[in-house]
Amino acid sequence: MAPNSHNNLHQLTAHLFRDNAGKMTAVLCRLFGLNQMEQVEDIVQDTFEAALSKWRFSGIPDNPSGWLMQVAKNKALNALKRERRIQSCSVLEHVQLPDTSFENQFNILLSSEEIKDCQLRLLFSCCHPCLSLKNQITLTLHTLCGFGIPEIANALFTREETVRKALARSKKILRESTNTSYEVADTKLHKPSKAVLTILYLMFNEGYKTTRGKKAVNNDLCFEAIRLAKLLDGDVETEALLSLMFFNLSRFPARISAPHEYLTLDEQDRSQWDRVFIEEGYYYLKKATRYKTITRFHIEAIIASLHCSASTFEETDWKKIAYLYRLLEAIEPSSPLVKLNRIIAESYIPTTRSIEELDELETHPSLKDGFLIQAAKGDVYRRRGYNHEALKAYKRAFDRAISPFDRRFLEKRISTIKCTLYSPQGK
Amino acid sequence: MKEFLLLIRENLDAYGKMTPEEMQQDIEKHMEWVEKLTANGNFKAGNPLDSTGKYIRDSVVTDGPYIEAKEVVSGFYFLLARSLEEAIEIAQGCPTLSAGGMVEVREIIEAE
């Protein structure tokens, strides 16, 4: 090895391996079929191990992604030769070729357009209707994002054993329904299904929620969701989702103060919001609104943009935001979370009967055991000057909160109110 | 400057437990290490070795005396250092060590 071959570290972009794990898995799954997922995973793992032992010494090749794909191809060919199972590999139905040998099929899939197409097909397959949303996310992270089992467990706050079992079950379901799952996936003709956008939305939210303090690890989840959403671009609903994701991402740097502590919108230092991500948010919002189509993601993106465009919390245009939440509620009438958000937005407009509405919503089956509605009540009471009621609500919220970040946040609120109540000037 | 051979011994099964992200980080650490050695003039050469090989004794060729051993020599470096002590100090920075591997340092004797 020449010593100067080591000056090309910069060619290893962040998460290059994860990115390529997804690409290789997608291409190989397309060629071998979803029922050969185990073999595909072995080939991908062997390819990375080859890179690991070689690149450590010889440095990064000029085109690392190309190198990996080439090695994966050779390993796939060897695997086929070894098992003499060439007849089992599916012929690409959308490309008519005189020579349908495996190597030719593989080479056809190596253009960036075809790789993207393979990734989309795999993404659609991971959103198989027989899998729960959580299992869809788990499988997507594993196959398309190159997340290992400990990384998924960490990102989704669950145990490794749970992830391992979920993956085994999900792959079995895909294996058994392999004929139907690829039929839906003519990616050039179909709009992304609702399920695909929903899991990207949830994947992002999962990362957003759990990034309260754990920093990099779960940030990754947000970036993976964005990366996958970009594969689907061209469709206005996806663009609206991307816009929403970028606006939310822009506030990351200001959300955390100390370990285990997050800051609410009114406490954040807005100068720390990431301008580049805000610009990205506007870029996708503009693209998303070029037709008359309005989806829930459009409305949520516009709401997020209103927060981002207010230079102080006091300047927030609550009237517009409340109006948009009412629109959202009309689209999603059965979602208690949308309703809750609408009530909170309206509570910044003095004349609204927010407390009565929160009392009514409190008994909703999906809200009554959680801390969220009690925390919201505490907040509205506090802002309207009912400190005793606020304290009671915050205490109820504290008893129900599980995450250390939520508990820390509520603890802070409780002690602030106690200070106001029991100091000489307090009421 | 004297010349030293660093033999890297690793359990290759450990590779199978690494995630793509961990492997990328491992490569980055190795490259940073070699970059530093190169900048300090300690680096001469290095290469990986295939994990399988043949052993020859008398006229018999076998897969090796330690078929059961999971630990293999995965690669080598030639380093330049003033003394064995300095070579050891450099070798202690090898990222393989923190991943559970072993490094053997041997001075190369100039044959005149």
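Q: Before we start, what is the ground rule for local features and side-chain atom pairs here?
A: This is a predicted model, where local features need pLDDT of at least 70 and side-chain atom pairs count only at pLDDT 80 or more, while totals for chains, interfaces and linings use all residues. Residues are numbered from 1 along each chain as its sequence is written, chains are lettered from A and ligands numbered from 1 in the order in which they are written, and side-chain values use heavy atoms, with hydrogens and water left out.

Q: Which helices and strands does chain B have, and in what pattern?
A: Helices (H or I, at least four residues) and strands (E, at least two) are DSSP runs, numbered from the N terminus. Chain B has four helices and six strands, and along the sequence they run β-α-α-β-β-β-β-α-α-β. Its C-alpha atoms fill a box of roughly 45 × 40 × 20 Å along the principal axes.

Q: How many residues does each chain put into the contact between chain B and chain A?
A: Contact means heavy atoms within 4.5 Å. By that rule, chain B gives 30 residues and chain A gives 30 residues.

Q: What is the area buried between chain B and chain A?
A: The size of an interface is often given as the accessible area lost when the parts come together. Buried area here is that loss (1.4 Å probe), summed over both parts. For chain B and chain A it is about 2,500 Å², with 67% from carbon and sulfur atoms. On the chain B side, Gln24(B), Ile27(B) and Met31(B) supply 24% of the area that chain B buries against chain A, more than any other three residues.

Q: How many salt bridges and polar contacts are there between chain B and chain A?
A: Side chains of opposite charge can pair when their charged atoms come close. The salt-bridge rule wants a side-chain nitrogen of Lys or Arg within 4 Å of a carboxyl oxygen of Asp or Glu. The count between chain B and chain A is three salt bridges. Arg56(A) pairs this way with Glu10(B), their closest N and O atoms 3.0 Å apart. As for polar contacts (N or O atoms within 3.5 Å; within protein, one must be able to donate a hydrogen and the other to accept it, and residues adjacent in sequence count only if both atoms are side-chain atoms), the rule finds 11 residue pairs across this interface, both at pLDDT 80 or more. Several elements of chain B give two or more residues to the side touching chain A: α1 (13–16), α2 (20–39), β2 (43–48) and β5 (71–81). The largest share, 14 residues, comes from α2(B).

Technical notes
Buried area = accessible area lost by both parts, 1.4 Å probe.
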